[in-house]
Amino acid sequence: MARGYTGKKSSNIVPIVISLAVVGAIGYGVSLYSFESEDPTIKSSHNKYWNRVSPITIDIADNEDLESYEISVSDGQKEVITNAETFIKPTKKKTISFVYPQQPINGVLLNQEATKIEVKIKAKDKSKWNFLMGNSASLELALTVDTIPPEATVLTHSYSITKGGSALVIFQAKDDNMRDLYIEANGNKFYPQPYKKAGYYATLIAWQHNKPDFKATLVAKDEASNQKEIMIDFYPIARDYRVSWIEATDKFIDGKISELASSETSLRNRTERLDKLKAVNETLRDGNEALIHNASKAVSKDILQSWSITPFYPLVNGQKVADFGDDRHYYYKDKTKEVAHSLHVGIDLASNQNAPIVASNGGKVVMDKLNGIYGNMPMIDHGLGLYTLYGHCSSIAVKNGDIVKKGDIIAKSGMTGLALGDHLHFGVLVQGVEVRPEEWMDQHWLNDNVYKVFTQADGVIR
């Protein structure tokens, strides 16, 4: 006799289903975090020296997610945990700033006169690698306490500086663990070149023509974050720069502006006249000038024994047809409505068509290419942070890396880039800041502001 189905087998399936569900849930929970095996990274702002006052910055990062970190500080005898955190929300980066504890932590007060300090940083991520324990990293810092700021003295400098102009400073600075040394002026940092012998420095600085006031400060910082600041007392000379209102005609926009827009991949989709004008005269110009600034910042770290510069005269019989610092506002049909704006940060010189452009001083070519609105544009490093550029050239006779001598022909004038007639755009920069070319074309100015300063310094540096 046939037997009916009893249902006993179904009772065996239930535990299996539950087990699979549990395993699946565990597997899903584990899969929330990968099994990546890369350790977190830990970086510190201080590695050898500390003044116990300036904050130490710790940067902790992980390619996935951080789980926790801990920072402890020891004076050699006692140790306290100053910072610790376990992350709940997904966190890939964390920056912690801490100082030497001046108050007890959990009843423990560290020695306030300690000269040797140990800092330990531990970090862990949320990976399930290493038998679900995750990846970890640690960094131990053995810091020597240094509370003495660097020594610094200004030896001599140019008496005055003109708005839009340049000046020279020569100073002495010393610290066994110097980290940073520069002159800050209007937010720009001008780095020095060693001069004559160790501990002495020379720096060219600049006053941007569109900054109303001027302030220069010598800043010396050591590895322990001790800092010395000295205000440099220049006699500032105010100067007004021309403001021009220029009509952007259809002919101008449909001609030179459209030509430049069509040659730039990022601007080819611009079809509206005013949109093209603004894109070329502002957006493209900003990118071109960024290249110039970046290529003109470097200053040699080699000891400079002497530096000689003669007045620049790049275009024979060249007549000035546009000024430095011209504040140009463009309007279209209605003069009360500005449609584009630019600053002219060089002077324009014109003579004959395709006239030879001559290197007035020797140097190294740092750029030799087409640069947007500047057209074909060589640029030369003359040392001590001084650079010259030559825009709108019809052709360039030098290559990047060439060493040119005084009198060498470097290019020929032209009308490439945003130029309506054959001329030379001549620019001078001091560590990436455009300055008045007229000063560097004037022998009297060079005598008073460069040669005289070097002579005074040489009388002190023995």
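This is a short tour of one predicted model, stop by stop.

Before you start, note that residues are numbered from 1 along each chain as its sequence is written. In this predicted model, local features need pLDDT of at least 70, side-chain atom pairs count only at pLDDT 80 or more, totals for chains, interfaces and linings use all residues, and side-chain values use heavy atoms, with hydrogens and water left out.

**Stop 1**

Strands here are DSSP runs of E with at least two residues, and helices are runs of H or I with at least four residues, both numbered from the N terminus. These 4 strands form an open sheet in the order 9-11-15-14, with antiparallel pairing. Which strands stand at the edges? They are strand 9 (151–157) and strand 14. Each has a single partner strand, so one side of each is left without a neighbour in the sheet.

Two strands count as paired if DSSP finds at least two bridges between them. Select Glu151 next. Opposite Glu151 stands Lys174 in strand 11.

**Stop 2: Glu439**

Go to helix 4 (residues 437–440), where you will find Glu439. Is Glu439 buried or exposed? Glu439 is buried, at a relative accessible area of 4%. Buried means under 20% relative accessible area, exposed means over 50%, and partly exposed lies in between (1.4 Å probe, protein chains only).

Show the neighbours of Glu439. Leaving out residues up to four places away in sequence, Glu439 touches Thr162, Gly165, Ser166, Trp445 and Leu446. Touching means contact, with heavy atoms within 4.5 Å.

**Stop 3: aromatic rings**

Show the side chains of Phe, Tyr and Trp. Their rings (for Trp, the six-membered ring) pair if the centres lie within 6.5 Å; planes under 30 degrees apart count as stacked, over 60 as edge-to-face and the rest as tilted. By this rule there are 15 aromatic pairs.

Select Tyr69 and Phe87. They form a tilted pair, 6.0 Å centre to centre, with 40 degrees between the planes. The pair links distant parts of the chain, 18 residues apart. Tyr69 is in strand 4 (residues 66–74). Phe87 is in the loop between strand 5 (79–86) and strand 6 (93–98). Tyr69 is buried, with a relative accessible area of 8%. Phe87 counts as buried too, at 8% relative accessibility.

Next, select Tyr195 and Phe454. Why is this pair tilted? The ring centres are 5.2 Å apart and the planes stand at 45 degrees, so the pair counts as tilted. This pair also links distant parts of the chain, 259 residues apart. Tyr195 sits in the loop between strand 14 (193–194) and strand 15 (200–206). Phe454 sits in helix 5 (residues 443–460). Tyr195 is buried at 2% relative accessible area, and Phe454 is buried at 6%.

Tyr195, Trp307, Trp440, Trp445 and Phe454 form one aromatic cluster. Trp445 was also on the contact list of Glu439.

**Stop 4: a nonpolar patch**

Switch to a surface view. Select Phe35, Trp129 and Leu132. Together they make a nonpolar surface patch of about 330 Å². Patches are made of residues with over 30% relative accessible area and no salt bridge; like charges are joined within 9 Å, and nonpolar side chains (Val, Leu, Ile, Met, Phe, Trp, Tyr) within 5 Å. Areas come from the Shrake-Rupley method with a 1.4 Å probe, and for residues only the protein chains shown count as cover.

Zoom in on Trp129. It lies in the loop between strand 7 (116–125) and strand 8 (136–145). Trp129 is partly exposed, with a relative accessible area of 43%.

**Stop 5: salt bridges**

A salt bridge is a side-chain nitrogen of Lys or Arg within 4 Å of a carboxyl oxygen of Asp or Glu. How many salt bridges does this rule give? The count comes to 13.

Select Lys124 and Glu67. Their side chains meet in a salt bridge of 3.2 Å, N to O. Lys124 is in strand 7 and Glu67 in strand 4, 57 residues apart. Lys124 is partly exposed at 23%, and Glu67 is partly exposed at 27%.

Move to Arg273 and Asp250. Their salt bridge is 3.7 Å, N to O. Arg273 is in helix 3 (residues 273–295) and Asp250 in helix 2 (residues 250–263).

Last, select Lys320 and Asp323. These side chains meet in a salt bridge of 3.1 Å, N to O.
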